[in-house]
Amino acid sequence: MIDASLLRNDLDAVAARLSERGYTLDRARYQDLDQRRRSALQEAELLKAERNRVSEEVGRLKRAKENADHLIAQQREVGDKLKGLEAAERDIEAEFKDFLAGLPNPPHASVPSGRDEHGNVEIKRWGTQPTIEAPKDHMELGTALGILDLDRAAKLSGARFAVLKGLGAKLERALISFMLDRQTGAGYGEVIPPYLVNAESMYGTGQLPKFEQDLFKTGHSGGALYLIPTAEVPVTNLYRDEILPAEALPLRHCAFTPCFRSEAGSYGRDTKGIIRQHQFHKVELVTFAAADAAEAELERLTADAEAILEALELPYRRVLLCTGDMGFSSQKTYDLEVWLPSQNTYREISSCSWFGDFQARRANIRAKGKEGKPVFAHTLNGSGLAVGRTWVAVLENYQQPDGSIRVPEVLRPFLGVEVIR
């Protein structure tokens, strides 16, 4: 959530930064809401002052044993007006909060301007693309090996689900264990969070209210719960409404979870195979940092995600997203894209984002500042990595002419084999 003081102090600058994202700030509505809030507050202050003045006068008259009935009636009248005004004040405050909740995070000054993915900037490439004559895609490879079954998954659950079998399932499990071992070794504290969370948690990280259509929602006697779209949601909200000690920062966590997304609005894109699923696995990295250390933390977190790809010897590139291609809550994002031979292109396998204090304001996550005063923390997260897409990349980059898959060396202790046949 944007700091309301930024809007009040420099509305033009905020509007200009949001326009870089393709978002048009409704200035008239903001100014109307802000004026109504100020008017209600000023009127309430005047009434409170009047109530105090009358109360003092009533007390003086009673002490003097004089009649104060007319002032007592006036006191009641002021109290009734104040109650009505406080109710109106709560309504306008809620309306103003809803308005702020709908505003995306202004992009950081270092983010390049652009309308869509064509404005993204490649930062680096790593690795050598394998030379494969007539490469097969992961669906053909996995089906022929008997480790991927999309037809039976569709029978169970419909489109965009998969069944992994045998060494396919073991490869998924090996990737999860390998990623967690590497990230905990890099200093991330492992967390196993709930996979169902309440609306407050979804609001804190920015999924609600804007992106409810992308979520799976359940109902039970205790109220609605949402299946998490990423571990970012529960892990970030671990510290909702808390004040972290300054010495705890940077606070780094990693978590393996299943992720659930309805993929609303993505029909026609990656509908075949397991690139875009309703249910998939991911190892997530989440960091809480002080404002002056957060940008460096983004570089570290991104490098920690890259380290997985490099250990697996998978060619990839790092891309800095432009203003028009970033997520709603992010102020700066790097995408890591892995090489897929069957598509002859790089495809996203991780997004590493710095949110500034945008999420922390929504979730009320603060930390002790240098002077001991609580300030909003900066939050960051990134995939370290999306497990299903890593599975795809391993199959396609390590495929052999006979259709077998050479197992990356770092995964062999987990699988117990060198080749999947």
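1. The largest cavity is lined by Ile275, Val338, Leu340, Arg347, Glu348, Arg389 and Val392. Strand E12 (332-340), strand E13 (345-354) and helix H12 (387-397) each give two or more residues to that lining. A cavity here is a set of points on a 1 Å grid over the protein atoms alone where a 1.4 Å probe fits but cannot get out, and lining residues have an atom within 4 Å of a point. Helices (H or I, at least four residues) and strands (E, at least two) are DSSP runs, numbered from the N terminus.

2. Before going on: this is a predicted model, where local features need pLDDT of at least 70, side-chain atom pairs count only at pLDDT 80 or more, and totals for chains, interfaces and linings use all residues. Residues are numbered from 1 along each chain as its sequence is written, and side-chain values use heavy atoms, with hydrogens and water left out.

3. On to the rings: Tyr30, Phe96 and Phe99 are linked into a cluster by ring pairs (Phe, Tyr or Trp rings, Trp by its six-membered ring, with centres within 6.5 Å; planes under 30 degrees apart are stacked, over 60 edge-to-face, the rest tilted). Tyr30 is buried at 3% relative accessible area, and Phe96 is buried too, at 2%. Buried means under 20%, exposed over 50%, partly exposed in between (1.4 Å probe, protein chains only).

4. Two arginines are worth a look. The charged end of Arg318 sits over the Tyr334 ring, 4.6 Å from its centre, and Arg362 lies over the face of Tyr203, 4.4 Å from the ring centre. The rule asks for NZ of Lys or CZ of Arg within 6 Å of the ring centre and within 35 degrees of the ring normal.

Conventions. On a 1 Å grid over the protein atoms alone, a cavity is a set of points where a 1.4 Å probe fits but cannot get out, and a pocket is an open set with protein on both sides within 12 Å along at least five of seven lines; lining residues have an atom within 4 Å of a point.
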